[in-house]
Amino acid sequence: MTDQHAQLDAALERVIEAARGHLAAVKAAQGRVDDDNVWQAYVALNNASFAYDELLLDAFGEVTPWDVDSIDPDEADERFGVGLGGADGVEPGDPHPRVLSVRQRRDYRVPSVAALIRVAEAARRAATPEDDESAPVEGVGEAVLELLQSGDGSLGALDIPELEPLDGVVMVSEVGTPVDLESFDDDDAAGPFQPAADDRLVGRLDEHPFLDHDHDHDEVGHTH
């Protein structure tokens, strides 16, 4: 019985040590998904708990609240992988480029330049500190930029009655490298959108606006 007590004490110490190791790995991972060290510490804690439970059952017929089964670390690594890099720490190859480029164009008709500028100036005033005076919006291009900047930066910020959407197009391509904006001048309107020789066009979506016939002709619905 003394030997069994010693085995149980040693097994319990291994559980405590494994629990501390698991907690340390979790803290170090800081929420990262599929962290290698967290997975390995989890397996160690699981197996230490299983071994202690088995010894306690053999010695006294008692069990712990831990309903666990033994995990073979090698089999688990082969089945589930270890972290983002796989079981051997080497990330598997991918036959496709890992960068996708989404190029979008949508044109708009401006029914009233004055109305569009008024809306943009209101957005600019709302974003200007109270002690400062906002500059006037000059032109429809500046008005559209102001609406984009004051909104969420997407074309959805331009879904307003003061702009009538026309046709648009979305192109999705697989590219070898991401765009390097520093390599283009600020006034270069074509360079950032120019496909490279090794880009592969995946598909093109044409967008056509539709009119909501339940409202006045001047009110335009969202595009599809």
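The protein chain exposes about 15,900 Å², of which carbon and sulfur atoms supply 52%; accessible areas were computed by the Shrake-Rupley method with a 1.4 Å probe, and for residues only the protein chains shown count as cover. The model is predicted, so that local features need pLDDT of at least 70 and side-chain atom pairs count only at pLDDT 80 or more, whereas totals for chains, interfaces and linings use all residues. Residues are numbered from 1 along each chain as its sequence is written, and side-chain values use heavy atoms, with hydrogens and water left out.

The protein chain contains 5 helices and 3 strands, taken as DSSP runs numbered from the N terminus (helices H or I, at least four residues; strands E, at least two). Along the sequence these elements follow the pattern α-α-α-β-α-α-β-β. Of the 224 residues, 25% are buried (under 20% relative accessible area, with exposed over 50% and partly exposed in between; 1.4 Å probe, protein chains only). Among contacts (heavy atoms within 4.5 Å) with a separation of 6 or more, 65% are between residues 24 or more positions apart.

Helix α5 spans residues 140-150 and includes the buried residues Ala 143, Glu 146, Leu 147 and Leu 148. The buried residues of α5 pack against α4 (113-127).

Arg 124 is located in helix α4 and counts as buried because its relative accessibility is 14%. Its side chain reaches the backbone oxygen of Pro 136 at 3.2 Å. Apart from neighbours within four places in sequence, Arg 124 is in contact with Ser 134, Ala 135, Pro 136, Val 137, Glu 142 and Glu 146.

Definitions and conventions
Polar contact = N/O pair within 3.5 Å; in protein donor to acceptor, adjacent residues only side chain to side chain.
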